[in-house]
Amino acid sequence: MFMIDDAAELDFGIYRIMAQKKAEIETFFGLNDESEENALCRKIEALLAEQQDASVNVAEIRKQMQDRIRMYQEDGETMEQINKKPAIIKLRQQLEESGDPTVMLPYILTALNDFFSRYYDKGDFISQRRYVNGGDATYLVPYNGEEVKLHWANADQYYIKTSEAFKNYRFKLKNGKEVEFTLKNAVQLKNNEKEQKDWARKFKLWDGVTEPGEEPAPDFVPVQIEEDGVLHIYFTYELMKKKGNEQKTLNNATFATLADIILAKHKDDYLDLITNMAGKDTEELRRHINRYTTKNSSDYFIHKNLGDFLRRELDFYLKNEIMHVSDLDYNNLRRTLAEAKTIKAVGEDIIQMLAGLEDFQKKLWLKKKFVVQSDYCITLDRVPESLYEDICANEEQHEEWKRLFDIESIKATEGDMFSSGKQGYTGELTVQFLKENPHLVLDTAFFNNDFKHRLLESMEDIDAQCDGLLVNSENFQALELLQEKYQEQVKCVYIDPPYNTGGDDFLYKDAYQESSWLSCINDRLDLSKRYFKEGGSIAVSIDIKELDKLIGLMDMQLGDENRKANITVRRASITGAKVINPGLVNISENVVMYSNGQGKWQPHDAYREKGYDDRYNRMIPNINEDMSKWTFSTVLEEFAKSKGIAKSKLKITLGDTYEDELLKFVIDNAGAIFQSASLDLESIGNEAVELYKKSKNDPNTIYHGHREGDLNDYYLIGGKLLLFYKDRLRRIGDKIVPVEKVSDIWDDVLPNDIHNEGGVVLKKGKKPEKLIDRILDSTTKEGELVMDYFAGSATSGAVCLKSHRKFINVEANEYFDSIPLRRIKNTLFGDKSGVTDTHMWKGGGVVKYIRLEQYEDTLNNLYRTPMEGAWYEEELGADTIGYVMDMQSQQNWMHTDWMANPFGVKMQITHGNEKTEQTIDVVETFNYLLGMNVEKMLWPAEGMQVVTGTTRRGKRTMIIWRNTAQVTDKEVKIFLSSVDCKPFKQIYINGETTLGTILDGKLRQTETEFEYRMFPND
């Protein structure tokens, strides 16, 4: 059931933990116990023997039954016939009633298998509470008296596949050749078709079919060496009947087919694929096929409290199905009690073992992850000119500028009386060229540590200077790590999660598509609540597929009283293939907006450009004179006078320019153009009511009402209010234009050239900058922080830069460098697409980007602990991190030898499907764990780094990092004597130190604090 034998081969998620603990698991079940055929069975028999009826001579009954069976066999009868004999049935019944272990054992094993198989499915425990009702399995939903209850099958589980999709699976052979499994046709369910009990999606080799109903291509070969030099093996993921199409059977057929193809066509370079791996009895290709197919269909969830859940379910199972009241009678009571007690005792042992595995996996999932890389994108106007020579000498940076910004096309220009000429690009980078192009974006990843240190030392208030943070990570892990620093700082959360249409790369467990999606969104939404700033908002893009469930989920998390808008967004035009299908043409999606529930909601009015509103058709030509002398005219009359054209001939004379010139006239004279409107007497104050009465009784006089503060004064004539057109104008970019307040119907945010926005292309599409800009306009103001943890192409980050907001963008996908990071660089350089003109964006700024250790990386760095309690069996270097494989440990999750030199710490990190040892950034990790707003970084000596700043909780903090082999307490003491330590409330120093006596109670132990904050605390 638990696929223990396959664990070593699968080598991911829960299977990796099972493989590490295989010996203990097999010992528990008695599978490797040479002295006992099956220790679990012996334990069950022992428990039953303790409860056996001592008044019954079980041995005599057994002897009688054996004698009878032997007699019947001598008469030539079969066991099937013998088991139906009344005498045998009666004797067996006597044994059952007495609780005889040999008779009861099969019942106990069957009951245990029945119970655990209800919940376990391919690496996951599905929380489906069942009871028997007339032979049917009926499900119970946990309910606490709510008026409306939203529930889903995996509500009490973490969804852990966020960083994965049906992405291509690539690996490298020993000879350097690369192989990729490429998914060509992930067949999705259409027209509300559901996966039935006897149907499931399976992986198999692609047969060349690209459209439903198409015949397979004759002699099609699903193996091809493409232009990239990689051997591509093409798979499809199709709905097929379960019977006869078990994935293991399909995998064996796939291997056999591929082995023939490789022997026939690719033997020279790829023979290693179909030969046994060193030290293993499995071919490398077979192992990768099994791993690929299982990883995409297994281990989707981690239970949040498996032990308590299974114990509750076991109690319910015993009461409902083993000791059901209607089935009890005096004759079988002893037997039933013995059965129930034994199932409970053995079941609880199994639960303890399973919960240990699951809880360990949960702790690794919840563990804060290390920062693997930390770098900055910074425009040259923020870089000291003293570093320009080093920049000119950096060929990698030079090549990126040619590739991204086409610097080769920057030509020399001649000067004039107003400006000097420019050198232009000459084939080499020069200091003068860098000065002439201040928005070229430097990426510190291209430079050595010495350059980075000098650059960062030159910056004051480092974090305050950063306009945004871009994070390459699975979003749950990013939200876990960043929360201490950004808690209660985010004014608007905007996310564009997968729409779960079946074709959007969202991985879901078979038969749990909706439940997988809800678990994914729910936990991340719950985590993001910690970031909410008072008065803030959260907006989520979605379409009709999950709109209802999203609203139900957000009502549950935030309260339906915080539901503020369901915005309809036009995302396409009624053209092309969309109009072929019958029925309504779907061209809309939605943005669901909620207040975050923290204090009073603080939305902002948003406006959109509108043509001239000709209801404002009257004008006061002499508006600057005293109002008693005002005269009244019409807009067209005054426009005609300004043009020297008769009013009746304006359109004929001006032709195509009529509308534009009239609008310009209206805007230029907006303070004198008005319309009259009736007053709502119930919504105005007493003074205004009195003024209204006077105006009504004296219609030829203009009455003036004064209002305090920023509110406009108002004018009445004949009881009518004068509404001036100037109040309908707003500045958008460098223009003053008429506007109207935005409603919840947005039909104007889709540009014609969205595919060009940001200079990047996203396969599944990207959101228009105008859409994000309007959301931010409605919810934030300049300088406030916006977070998007499904960042995609980083549209929200680009819009935040252009509109002068701060941002956090999180994206897990493998295209992080080529799409979101590239777009941010383009934006800093001065990208001209999207909402650039609206905000008169010219470029410039600083964006930090980091990469995090992922859950799979954590599993890759697991090390076992031997029974005697030593740290680890494997010979880890002092600079290598390893997590202790001890499920019972409540502390000491990792050895801390590496703290002796925090600058050379290494981990096994996976890129694609390749593991490499990589140096990680311990300093940045600790900054986030502490919640540090970094102000200054210094490198006062070789092997020493100092970080100063203020934690989110307001504590001024200094962190001193050192390589203890190079920097002793003496060198640290010299540094401390050169700075003023009085403002700092706490000072952290790694390694053993005696400096506490001179730090007046401010010294903190880095190692203890690091481990405490890194791991989840119950």
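Predicted model: local features only at pLDDT ≥ 70, side-chain atom pairs only at ≥ 80, totals over all residues.
Q: How many helices and strands does the protein chain have?
A: The chain comprises 1018 residues, of which 51% count as buried. Its secondary structure consists of 33 helices and 40 strands.

Q: What share of the contacts in the protein chain with a separation of 6 or more is accounted for by residues 24 or more positions apart?
A: The contacts considered here are those with a separation of 6 or more. Among these, the share that belongs to residues 24 or more positions apart is 69%.

Q: Which residues have the most contacts inside the largest nonpolar core?
A: The largest nonpolar core has 140 residues. A second, separate core has 31 residues, including C41, Y119, Y120 and Y317. Inside the largest core, the residues with the most contacts are I391 and F1010.

Q: Why are helices α4 and α8 described as oblique to each other?
A: Helix α4 covers residues 39-50, and its axis lies 9 Å from that of α8. The crossing of the two helices is right-handed. Angles of 65 to 115 degrees count as roughly perpendicular and those over 145 as roughly antiparallel. The pair is therefore oblique, because the angle falls between these ranges, at about 120 degrees.

Q: At what angle do helices α8 and α12 pack?
A: Helix α8 spans residues 101-117 and helix α12 spans residues 306-322, with their axes 11 Å apart. α8 passes α12 in a right-handed crossing. α8 is oblique to α12, as the two pack at an angle of about 130 degrees.

Q: Which residues of α12 make the contact with α8?
A: From α8, the contact draws on A111, D114, F115 and F116. Counting both helices, the residues divide into seven nonpolar, no polar and three charged. The residues from α12 are L310, E313, L314, Y317, E321 and I322.

Q: Within what distance do the axes of helices α19 and α31 come?
A: Helix α19 (residues 475-486) and helix α31 (residues 922-930) cross at roughly 60 degrees, and they are therefore oblique to each other. L481, L482, E484, K485 and Y486 of α19 meet T925, Y928, L929 and L930 of α31. These residues divide into six nonpolar, one polar and two charged. The axes come within 6 Å.

Q: Is Q557 buried or exposed?
A: Q557 is found in helix α21, residues 547-558. Leaving aside neighbours within four places in sequence, Q557 is in contact with N522, L525, D526 and K529. Because its relative accessibility is 15%, and the cut-off is under 20%, Q557 counts as buried.

Q: Which residue just after α28 takes a positive phi?
A: Helix α28 covers residues 817-829, and its buried residues include I819, P820, L821 and R823. Just after this helix, a positive phi of about 115 degrees is taken by G830.

Terms used:
Residues numbered from 1 in each chain as written. Heavy atoms only, no water. Axes fitted to C-alpha atoms, helices over the stretch in contact; angles between N-to-C directions. Helix = DSSP H or I, 4+ residues; strand = E, 2+ residues; numbered from the N terminus. Parallel < 35°, antiparallel > 145°, perpendicular 65-115°, else oblique. Left-handed = near helix turned anticlockwise from the far one by under 90°. Contact = heavy atoms within 4.5 Å. Nonpolar A, V, L, I, M, F, W, Y, C, P; charged D, E, K, R; others polar. Buried < 20%, exposed > 50% of the residue type's maximum accessible area, 1.4 Å probe, protein only. Core = buried A, V, L, I, M, F, W, Y, C linked by side-chain atoms within 4.5 Å.
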